[in-house]
Amino acid sequence: MTQYIPNHVAIIMDGNGRWAKQRNQLRATGHRAGLKAVRKIVTHAAKRDIKVLTLYAFSSENWKRPANEVTALISLFIYALNREVKNLNKNNVRLNIIGDISKFNPNLQNLIIKAQHLTENNTGLILNIAANYGGRWDIVQSAKKIASHALDGKITLQDINEDYFGSVICMNDLPEVELVIRTGGEYRISNFLLWQCAYAELYFTDTLWPDFNQASFDEAINIFNTRERRFGDVLNEDLSC
Ligand code: IPE
Ligand code: IPE
Ligand code: MG
């Protein structure tokens, strides 16, 4: 049977810290190992013809971590942007950062803007990195945009509906998220794409992110293909009962 390849896969890359702990290493070492898994999965997703891959790299709550870990994560992000963007561009990947980047230092903000600009006309995989992203922040910033449209007299109260909201939220120009993968054994969303995941299939695995590989990704796609997606409807074959 031919497989359905989800258009948009989003991943909560969890478990770097535990991976490091198992090896008596620093959490930062786990994050570096996590970056290697990112490289592998980005290449593989493109090969599997996924149109959009969205990776949760840093949540709006991750600032609560000890300062040395936050610094290590931000340095790793800067390192990855400096090192990988050329290669992503060569591979026709379009890179987007989603989240409140105004909280990052100007150097990082600059790198983000340059990377997005460099890759904006690429037609291959769309890679979204969620950095200082929170689903609640996303909903609030959408509500603010809508309020400002209303204050400017561009819309009236009657114009505000799900479609309008959906037209201002992050990734409104991209296909719906169809599959969310969370590694690391926790069964929660941790403030990831709250609006966008309304009808996504959720796949949880105990595999820690640095150990997640091509075969793990393929397994998630296989499981996705066994799911029956009803979107609140009933299936035709059940109507006779
Ligand atoms: C996920 O790994 C990466 C980020 C949140 C940046 P963790 O750092 O949360 O790893 P665990 O959950 O402590 O193992
Ligand atoms: C979610 O992982 C955030 C990212 C993977 C970037 P966390 O490790 O921060 O989530 P919680 O704290 O277990 O909910
Ligand atoms: Mg975690």
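The following paragraphs describe the surroundings of two ligands in a predicted model. Residues are numbered from 1 along each chain as its sequence is written, and chains are lettered from A and ligands numbered from 1 in the order in which they are written. In this predicted model, local features need pLDDT of at least 70, side-chain atom pairs count only at pLDDT 80 or more, and totals for chains, interfaces and linings use all residues, while side-chain values use heavy atoms, with hydrogens and water left out.

Ligand 1 is surrounded by 13 residues, a residue being near a molecule if one of its heavy atoms lies within 4 Å of it. The closest of these are Asp14, Gly17, Arg18, Arg27 and Arg65. By class, the shell comprises three nonpolar, five polar and five charged residues; Ala, Val, Leu, Ile, Met, Phe, Trp, Tyr, Cys and Pro count as nonpolar, Asp, Glu, Lys and Arg as charged, and the others, Gly among them, as polar. At least two shell residues come from each of helix 1 (16–22), helix 2 (27–47) and helix 3 (67–90), with helix 1 giving the largest share, three residues. Helices (H or I, at least four residues) and strands (E, at least two) are DSSP runs numbered from the N terminus.

Polar contacts are pairs of N or O atoms within 3.5 Å; within protein, one must be able to donate a hydrogen and the other to accept it, and residues adjacent in sequence count only if both atoms are side-chain atoms. An oxygen atom of ligand 1 lies 2.8 Å from a side-chain N or O atom of aspartate 14. For the side chain of arginine 65, the corresponding distance to an oxygen atom of ligand 1 is 2.7 Å. Taken alone, ligand 1 exposes 380 Å², of which the protein buries 87% (Shrake-Rupley method, 1.4 Å probe).

Around ligand 2 stand Ile12, Met13, Asp14, Tyr56, Ala57, Phe58, Asn62, Arg65, Arg182, Arg188 and Ser190. This shell holds five nonpolar, two polar and four charged residues. Strand 2 (residues 52–59) contributes the most, with three residues. A polar side-chain atom of arginine 188 lies 2.8 Å from an oxygen atom of ligand 2. Ligand 2 taken alone exposes 390 Å², and the protein buries 78% of that area.
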